[in-house]
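Me: I would like to learn how to read a protein model step by step, beginning with the overall pattern and ending with a single residue. Could you guide me through this one?

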Amino acid sequence: LHKGLYVGHEGVKEYVGRMADVWEDFQLEPQEARDVGQGLVLVQGRIEGRDKSTGQAMEARFTHLAHIAGNKVVKLQILLDPSQALKVANEAATESG
């Protein structure tokens with residue numbers, strides 16, 4: 001999984017491209033989306049795929065923090081530790097508010 005901050009349409013394309021380079025049969029299944037205020041949406045779910053180089057299957061939880069402006073995602077923050085997600089969302093809301 002590729003953690004980090006991806007900005008704008010190009011950033012999201014970069015993230016998806018990175019995932020496609022490494023994984024086949026890649027599926028991302030959002031299971032919960034929560035508006036945490038200040039234009040931030042916390043999305044948690046399940047991700048699965050098969051490593052292209054080894055053929056090994058992978059399944060994991062994901063957490064994304066979407067920064068929304070004008071009804072569009074303008075930044076997508078990829079978090080690997082769901083227990084830290086709300087803390088990061090609160091910090092981002094404080095910075096933008």
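Reply: Let us start by following the chain, keeping in mind that this is a predicted model. Read along the sequence, the protein shows the pattern β-α-β-β-β-β-α, so that its secondary structure comes to two helices and five strands.

Me: In what order do the five strands lie in the sheet?

Reply: The order in a sheet is read from which strands pair with each other, and here the open sheet runs E1-E5-E4-E3-E2 with antiparallel pairing. Strand E1 (4-7) and strand E2 (23-37) are the edge strands, each of them pairing on one side only, and from one strand to the next the twist averages 25°.

Me: Over how many bridges do strand E3 and strand E4 pair?

Reply: Strand E3 (residues 40-51) and strand E4 (residues 57-69) pair in the antiparallel sense over 11 bridges, and Leu42, for example, has Leu65 in E4 as its bridge partner.

Me: Where does helix H1 lie?

Reply: Helix H1 (residues 8-22) lies across E1, E2, E3, E4 and strand E5 (72-79), and runs at about 130° to E1.

Me: Is His67 buried or exposed?

Reply: One compares the relative accessible area with a cut-off, and buried means under 20%. His67, which has its place in strand E4, is buried because its relative accessible area is 12%. Leaving aside neighbours within four places in sequence, His67 is in contact with several residues, including Gly39, Leu40, Val73 and Ala92. Across the protein, 30% of the 97 residues count as buried.

Conventions. Residues numbered from 1 in each chain as written. Predicted model: local features only at pLDDT ≥ 70, side-chain atom pairs only at ≥ 80, totals over all residues. Heavy atoms only, no water. Pairing = 2+ DSSP bridges. Helix = DSSP H or I, 4+ residues; strand = E, 2+ residues; numbered from the N terminus. Axes fitted to C-alpha atoms, helices over the stretch in contact; angles between N-to-C directions. Contact = heavy atoms within 4.5 Å. Buried < 20%, exposed > 50% of the residue type's maximum accessible area, 1.4 Å probe, protein only.
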